Amino acid sequence: MVDDVQPGSIGRGKPLEGAHLTVTSKSFTESLIMGAIMGIAFQAAGADVLDRTGIQGSIGGREAVLKGDADAMYEYTGTAWITYQGNSEPIADPYRQWEAVRDADLKNGLTWLPPSRLNNTYALAMNQANYKKYGTKTLSDVAELSQRDPKAVTLCVEGEFANRADGLPGMQKAYGMNLPTGRITQMDTGIIYTQAAKGSCVYGEVFTTDGRITSMDLVVMDDDKKFFPNYNAAPEINTKTLKKWPAIAEVLNPITKKLNNRVAQQLNAKVDVDGEDPHQVALDWLKEEGFVK
């Protein structure tokens, strides 16, 4: 990374001067933005940063940090707890889930810094017209509607969500839904948003931090039984790197604290809706917030 940045509210005194750090991320918009945020922050604090963001799939980035091929990334607590650490039941309290993930990964040579409020989990959403028509606000309301008026509920979902235990099958079981297969259509993620916005399906499976929720004026149903896992973003650091450069924590903690779903939706929309570059979006945000100059 070759950004011309200086310390703002973070990185004062250049505590990472002399460090050579590699940041990584997954390949989807939000992860690319957070990878750039991390790398730019490290630069402002004096580090030389190698950009290895955009690794395909979930496993690759984590493996890079585990092996020391990369030093740090923003990862999701739910992904670590269920996919990497092999647990089947999420922990309902987001902070307790982060603690459990942190404790389990210490023996793997990974250290998790404090989590953000950014929670990129599953949800169902509908357009304003259908919201006015049916008035559902929670997934319990959707379940009640499906029992009272089965023909009212149509659902658009991804193939993965349709088959995951923490997706559609588990959601239906938890909320007592029994939607006929003919009322459920599987499609690609991007199409779900446009179909839900058009009303072609009454409810679409969405991710809670996706910028298209705001740009398409969709209404998100509250997961009132807390079925879906918490996917809070937090820095995952190679422990050896953190011991050598402990200032990484003081550089990242104020930034992580600022990340929430509203911020994520705004930043993601700049890329997915407006077509901006993820790295530039990250740089602009860090400057706007005064973290860097």
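Author: Gladly! This is a predicted model, where local features need pLDDT of at least 70 and side-chain atom pairs count only at pLDDT 80 or more, while totals for chains, interfaces and linings use all residues. Residues are numbered from 1 along each chain as its sequence is written, and side-chain values use heavy atoms, with hydrogens and water left out.

Reader: Which residue is the bridge partner of Leu155 in β7?

Author: Strands here are DSSP runs (E, at least two residues; helices are H or I, at least four), numbered from the N terminus. β6 and β7 run parallel and are joined by 3 bridges; two strands pair if DSSP finds at least two bridges between them. In β7, the partner of Leu155 is Ile184.

Reader: What is the strand order of the open sheet of 5 strands?

Author: The pairing in this sheet is mixed. Its edge strands, each pairing on one side only, are β7 (184-186) and β9 (219-220). The order is β7-β6-β8-β5-β9.

Reader: At about what angle does α9 run to β8?

Author: α9 lies across β5 (122-126), β6 and β8. Axes are lines fitted to C-alpha atoms, for helices over the stretch in contact (heavy atoms within 4.5 Å). Angles run from 0 to 180 degrees between N-to-C directions, and the one between α9 and β8 is about 135°.

Reader: Is the link of Cys156 and Cys201 left-handed or right-handed?

Author: The angle about the S-S bond is -125°. That makes the link of Cys156 and Cys201 left-handed.

Reader: Is Thr239 buried or exposed?

Author: Thr239 lies in helix α11 (residues 239-244) and touches Gly109, Leu110 and Thr111, not counting residues up to four places away in sequence. Buried means under 20% relative accessible area, exposed over 50%, partly exposed in between (1.4 Å probe, protein chains only). Thr239 has 16%, so the residue is buried.

Reader: Which residue's backbone nitrogen does the side chain of Thr239 reach?

Author: The distance is 3.2 Å. The backbone nitrogen reached by the Thr239 side chain belongs to Leu110.

How values were computed:
Disulfide = S-S within 2.5 Å. Polar contact = N/O pair within 3.5 Å; in protein donor to acceptor, adjacent residues only side chain to side chain.
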